[in-house]
Amino acid sequence: MKVVILAGGKGTRISEESLLKPKPMVEIGGIPILVHIMRYFSSFGHNEFIVCAGYKGNMIKDFFNNYYTYMTDATFDLRNNHVTWHQGSCTVDPWTVTVANTGEESMTGGRLKRIRKYLDDAPFFMTYGDGLADVDLHALEAAYKQSGLLSAVTAVQPPGRFGRFAISDNQITGFIEKPAGDGDWINGGYFILDPKVLDRVDGDACVWEEGPMTSLANEGQLLPFFHDGFWQPMDTLRDKMLLERIWESGEVPWDRSDC
């Protein structure tokens, strides 16, 4: 199944990083978050990607154009003007990557519409280029196929940002550090879509989450796939620092590789 990744936004809430690079190229553990996402899909056998680029999209093209160089060791024999590339303990990722210019100002729906020509008539995964999770993609795919619906989306409950006091008779009786949110389920960003849903997109200004997604929900054509595992967006510098700490801990929920 092909994987479409929205990677064209300006990432204004993490401008400390996105002034210099597109948000999906912000690094976690020295690796762009885009690559983390792609490796997660690849661990489930999905190796054909369509990246919807926009803001500073040429940086994404340049990265994949030089991917082998970045991901392998090399010996430079300057005397003889010769380079030897060394195969490491892991092979280079077995991907086919289409980086499509979907416009710097396009909205999410518009970006999807622009890459329709790179899709066939089979369902495809779609996600955002700025979040990590440990969603069971096999189970998501199975639920989607069983439903017979046009679309599926992962539903998640985000963690609370702040600790919460338990108060009784004007006294603090307990404290919960960063409890779960208010109980609402939100868009977790891991979709499976039938290409026919792109007929609902009417141009570059179309926001996927407002028009097409809302109409699918109203018609009962949007399957919720409930995920109560790890899920973390990278909206702010604070989020990036959290993901960095998780990576450095060695207990990385989204990393299914052996390397």
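1. Let me start with the overall fold: in the protein chain, 73% of the contacts with a separation of 6 or more are between residues 24 or more positions apart, where contact means heavy atoms within 4.5 Å. The secondary structure comes to 8 helices and 15 strands; helices (H or I, at least four residues) and strands (E, at least two) are DSSP runs, numbered from the N terminus. Of the 259 residues in the protein chain, 44% are buried; buried is under 20% relative accessible area, exposed is over 50%, and partly exposed is in between (1.4 Å probe, protein chains only).

2. A word on the basis of these remarks. This is a predicted model, in which local features need pLDDT of at least 70 and side-chain atom pairs count only at pLDDT 80 or more, while totals for chains, interfaces and linings use all residues. Residues are numbered from 1 along each chain as its sequence is written, and side-chain values use heavy atoms, with hydrogens and water left out.

3. Now to the sheet. It is open and has 7 strands in the order E7-E4-E1-E8-E13-E10-E14, with mixed pairing; two strands pair if DSSP finds at least two bridges between them. Strand E7 (96-101) and strand E14 (222-226) are at the edges with a single partner strand each, so one side of each has no neighbour in the sheet. On average, neighbouring strands are turned by 25° against each other, direction ignored. For such angles, axes are lines fitted to C-alpha atoms, for helices over the stretch in contact, and values run from 0 to 180 degrees between N-to-C directions.

4. The pairings can be followed strand by strand. E1 and strand E4 (residues 48-53) run parallel and are joined by 5 bridges, with Cys-52 in E4 as the bridge partner of Leu-6. E1 is also joined to E8, by 4 bridges and again in parallel; here Val-4 stands opposite Met-126. E8 and E13, in turn, run antiparallel with 3 bridges, and Phe-125 is opposite Ile-192 in E13.

5. E8 deserves a look of its own.

6. Helix H3 (residues 57-65) lies across E1, E4 and E7, running at about 160° to E7. Phe-64 is found in this helix and is buried, with a relative accessible area of 16%. Leaving aside neighbours within four places in sequence, Phe-64 is in contact with Leu-34, Met-38, Trp-95, Val-97 and Val-99. The C-alpha atoms of Phe-64 and Val-97 are separated by 7.9 Å, although the two residues are 33 residues apart along the chain.

7. Helix H2 (residues 33-42) is mostly covered, with 9 of its 10 residues buried. Among them are Leu-34 and Met-38, both of which are contacts of Phe-64.

8. Glu-244 is buried at 17% relative accessible area. Beyond its neighbours within four places in sequence, Glu-244 is in contact with Glu-27, Ile-28 and Gly-29.

9. Two backbone details may be worth a glance. Lys-56, in the loop between E4 and H3, has phi near 50°, a positive value in a residue other than glycine; at 32% relative accessibility, Lys-56 is partly exposed. Asn-81 also has a positive phi, about 55°, without being a glycine. Asn-81 lies in the loop between strand E5 (73-77) and strand E6 (82-86) and is exposed, at 72%.

10. Finally, the largest pocket holds about 810 Å³ of space. A pocket is an open set of points on a 1 Å grid over the protein atoms alone where a 1.4 Å probe fits, with protein on both sides within 12 Å along at least five of seven lines; lining residues have an atom within 4 Å of a point. Its volume is the space filled by probe spheres set on the points, which are joined across faces, edges and corners. The lining has 32 residues, with Arg-13, Lys-23, Thr-108, Tyr-128 and Asp-130 nearest the centre.

11. Which element gives the most to this lining? E13 does, with 5 residues. The lining has 11 nonpolar, 12 polar and 9 charged residues; Ala, Val, Leu, Ile, Met, Phe, Trp, Tyr, Cys and Pro count as nonpolar, Asp, Glu, Lys and Arg as charged, and the others, Gly among them, as polar.
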